[in-house]
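Reader: I'd like to learn how to read a fold from its coordinates. Could you walk me through this one?

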Amino acid sequence: TKKADVFRNIPQYLRAGDCLVLNDTQVIRARLHGRKPTGGAVEIFLLREEEPGVWEALVRPSGRVKTGTTVTLPGDFTARVEEQTANGRRRVVFDRPDVLPALEAAGEIPLPPYIRRDKPDATDLRRYQTVYARKPGAVAAPTAGLHFTPELLDRLEQAGVRRTTLTLHVGYGTFQPIRSEKVEEHSVEAEDFVLTEDTAETLNAVRDAGGRIVAVGTTSTRVLETCVRDGRFVPQTGRTSHYIYPPYEFTGVDALLTNFHLPRSSLLALVCAFGGTQRILDAYRYAVAEQFRFYSYGDAMLIL
């Protein structure tokens, strides 16, 4: 049997009545380079908006930025660096409540740490964003969705494959490796999510008609598994730290599209729980032997 195929042929692996679940989060330009009053360089990496104009952030070099320091950013934009929060992060208070529009001019797209570039390439602004990204708030892209083009989504629709969206703002914790000896001792950082009433209705109708719920990415999977009760989807807004590892019984997802992940990651633990550890490790061995690309800009696998 043919073991690999090109992504544009994905319609032939899905059926009319199946439903793709896409995470419509948008990666924000979260990385800011500014100056202290002394002229020293400071990097502020925005993680999460706590309230209008107040963000949790990573500040570098944190030890050299005293509480109360005002940092001047490109585009006549300032931020006051406040006290440390948990995990050595800092509260940062901006001079305006609505920070996202200012980031368009002042910020950079935060590429994953393993993409080693001095600064993002112009193409990253387009490539490190899904074509259906609508809701700003993520610091990392839901990378399984990067494979889709508008043309491919149209072809899937013509083939009778439905689609719906949810939102999970992918946080910095997605890059945290599992450091504990036992997989179950790890925990994942909570991330903000929304699953609307419309989406819940669509998913329940798909299930009732015998269609499959096809999660695009581990992020969509975690929201679906957070919002399913006795096989029915319930609309919810909140934060989820739902951590999935083997053995786990999935009740919200029937098929999973995902990229190839880093070893010792919570993402790989989820994929092993879904596909079966041995089968997934075999797939990874094949991917290594065939020189597939891994991680954000890499290849995908569809687990049916």
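This is a predicted model: local features need pLDDT of at least 70, side-chain atom pairs count only at pLDDT 80 or more; totals for chains, interfaces and linings use all residues.

Reader: How many bridges join β10 to β11?

Author: Strands of a sheet pair through backbone hydrogen bonds, either parallel or antiparallel. Here β10 (residues 162–168) and β11 (residues 191–195) run antiparallel, joined by 2 bridges. Two strands pair if DSSP finds at least two bridges between them; strands are DSSP runs of E, at least two residues, and helices are runs of H or I, at least four, numbered from the N terminus.

Reader: In what order do the strands of the open sheet come?

Author: The order is β15-β11-β10-β1-β12-β16-β17, 7 strands with mixed pairing. β15 (236–240) and β17 (300–303) each have a single partner strand, so one side of each has no neighbour in the sheet. From one strand to the next, the twist averages 25°.

Reader: Which strands does α6 lie across?

Author: Helix α6 (residues 266–275) lies across β16 (255–259) and β17, at about 145° to β16. Such angles run from 0 to 180 degrees between N-to-C directions, with axes fitted to C-alpha atoms, for helices over the stretch in contact (heavy atoms within 4.5 Å).

Reader: Is Thr-240 buried or exposed?

Author: Buried means under 20% relative accessible area, exposed over 50%, partly exposed in between (1.4 Å probe, protein chains only). Thr-240, in strand β15, has a relative accessible area of 3%, so the residue is buried. Its side chain reaches the backbone nitrogen of His-242 at 3.1 Å. Setting aside neighbours within four places in sequence, Thr-240 is in contact with residues including Leu-168, Phe-193 and Arg-222.

Reader: How many disulfides does a search of the whole structure find?

Author: A disulfide is a pair of cysteine sulfur atoms within 2.5 Å, and the search finds 0. Cys-19 is in none; its nearest cysteine sulfur, that of Cys-227, is 15 Å away. Cys-19 is buried, at 0% relative accessible area, and Cys-227 is buried too, at 0%.

How values were computed
Residues are numbered from 1 along each chain as its sequence is written. Side-chain values use heavy atoms; hydrogens and water are left out. A polar contact is a pair of N or O atoms within 3.5 Å; within protein, one must be able to donate a hydrogen and the other to accept it, and residues adjacent in sequence count only if both atoms are side-chain atoms.
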